[in-house]
Amino acid sequence: IMTDDMGYGDLSCYGHKGYSTPNLDKLASQGIKFVNAYSAAPLCTPTRTAFMTGRYPAKTPVGLIEPLTGEKEDTAFGLTAAYPSIATLIKAAGYETALIGKWHLGLLPQNSPIKNGFDYFFGFHSGAADYISHKGVAGSHDLYENELPVYPQGYLTDLFSQKTIAFIKQKHNKPFFLTITFNAPHWPWQGPNDKPYPDSINFRVGGSPDIYTTMIKSLDAAVGNIMKALDEEQLSDHTIVIFTNDNGGEKYSDNGGLSQAKGSLWEGGIKMLAFVRWPDKIKPGIVTQQAAITMDWSKTILAVGGANENKGFPLDGINLMPILRGEKKNIERTFYWRTFQRKKQKAIRVGDWKYLQDEKGEYLFHLVSDPGEKIDVKVQQGTIFKQLKKKYIKWEKMVLKPIPL
């Protein structure tokens with residue numbers, strides 16, 4: 001389950017005080033909760049590219065678009081079979097595959113979920129959709145079942161949960177890989193009882209803290225209903241559930257005291273909520289300090305499903321199962337990030353240290369003692385600063401060159 005634009009502090013189990021999210025809190029308590037999980041990018045398309053390919057976004061052409069906007073020049077980009085998705089790989093291992101929710105990985109026929117490993121798709125293709133009218137960013141209808149437009153009535157969060165429950169309850173002749181990509185709480189900011197946005201009004205305007213709360217509460221209820229369906233079908237013990245997000249929050253989000261927000265490589269743009277439940281396999285009530293990133297979920301899913309990896313395209317994540325099951329101690333990780341089209345920023349995290357370069361300068365932070373990135377220690381820790389910067393430069397030579405806007 002992937003949400004969209006959720007802040008690190010948007011759930012009560014991550015410290016939110018203004019409202020409660022009982023269903024998501026329960027899910028987090030039933031497994032292992034991460035406090036050092038990251039998205040592969042601070043924007044939708046690159047992170048989704050990373051999840052689908054299991055590789056850094058900068059290794060796939062569509063991952064260089066920050067993000068796909070629907071503008072004419074963007075339509076040349078999208079996920080294709082040239083970079084086989086984890087859905088393609090797990091389907092080859094004998095799984096039924098489905099995607100319900102937001103796609104945002106290309107608008108052309110060859111970019112559709114159905115052409116990229118999914119047996120079933122219900123959702124929208126662009127970066128955002130009106131929750132009530134189901135119009136996409138360009139103002140035209142954007143809700144599809146497989147490859148045909150559909151016109152059901154209803155609030156998108158509810159429709160996605162209803163379709164998910166129907167999928168879970170149908171007869172399955174093989175195991176399934178189900179990806180649920182809620183657009184909540186991404187703009188346009190609309191609750192279940194709100195009106196559609198008029199065509200003349202930009203999706204990014206409007207909203208309020210109260211509307212945002214109703215969006216989160218609707219999302220929480222939807223996840224609760226999905227978990228209930230797994231219980232009713234007696235699938236809970238046989239199903240690994242991974243919950244995470246694609247990038248940091250904006251405007252009405254609570255980023256949990258982290259610096260900055262969506263679009264930025266400061267922690268507020270890339271630090272994620274994440275938790276994993278698998279009864280009998282993962283002990284409940286665990287909080288882990290293990291650092292994780294989007295591509296780890298891809299690698300873990302393929303490992304759990306016994307799927308062969310992508311030949312010629314080595315994956316960048318690790319299989320987290322030994323750590324999730326308590327069989328292995330936490331391991332030190334190194335993560336890289338780059339933004340170019342709207343904000344020019346670079347970052348690397350090695351263990352507890354983070355090097356960051358933004359439009360104003362370069363920084364070094366010790367994230368354990370300073371999670372809010374308030375104390376730049378590049379002068380005091382000059383050797384570490386140089387090591388991280390050097391390591392970053394080496395990595396950037398191994399990925400695709402950025403594409404200017």
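Predicted model: local features only at pLDDT ≥ 70, side-chain atom pairs only at ≥ 80, totals over all residues.

Residues are numbered from 1 along each chain as its sequence is written, and side-chain values use heavy atoms, with hydrogens and water left out.

**Stop one: the largest pocket.** Select F176, F177, L178, T239 and I240, which lie nearest the centre of the largest pocket among its 32 lining residues. On a 1 Å grid over the protein atoms alone, a pocket is an open set of points with protein on both sides within 12 Å along at least five of seven lines; a cavity is a set where a 1.4 Å probe fits but cannot get out; lining residues have an atom within 4 Å of a point. The space here is about 710 Å³, where a volume is what probe spheres set on the points fill, with points joined across faces, edges and corners.

Now colour β7 (176-181), which gives the most to this lining, five residues. Helices (H or I, at least four residues) and strands (E, at least two) are DSSP runs, numbered from the N terminus. By class, the lining has 22 nonpolar, eight polar and two charged residues. Nonpolar covers Ala, Val, Leu, Ile, Met, Phe, Trp, Tyr, Cys and Pro; charged covers Asp, Glu, Lys and Arg; the others, Gly among them, are polar.

**Stop two: the cavities.** How many cavities of 30 Å³ or more does a search of the whole structure find? Three. The largest cavity has a volume of about 110 Å³; pick P57, A58, G63, E66 and R338 to land closest to its centre. Strand β12 (residues 334-339) supplies four residues, the largest share of that lining.

For the second largest cavity, about 50 Å³, select M2, R48, F51, M52, L99, K102, W103, L105 and T181. Helix α2 gives three of these, the largest share.

**Stop three: the backbone.** Zoom in on E66 again: its peptide bond to P67 is cis, with omega near -15°. Another cis bond joins A184 and P185, with omega about 0°, and P185 sits in the loop between β7 and α5.

Finish with Q234, which has a positive phi of about 55° without being a glycine. Q234 is exposed at 67% relative accessibility (buried is under 20%, exposed over 50%, partly exposed in between, with a 1.4 Å probe and protein chains only).
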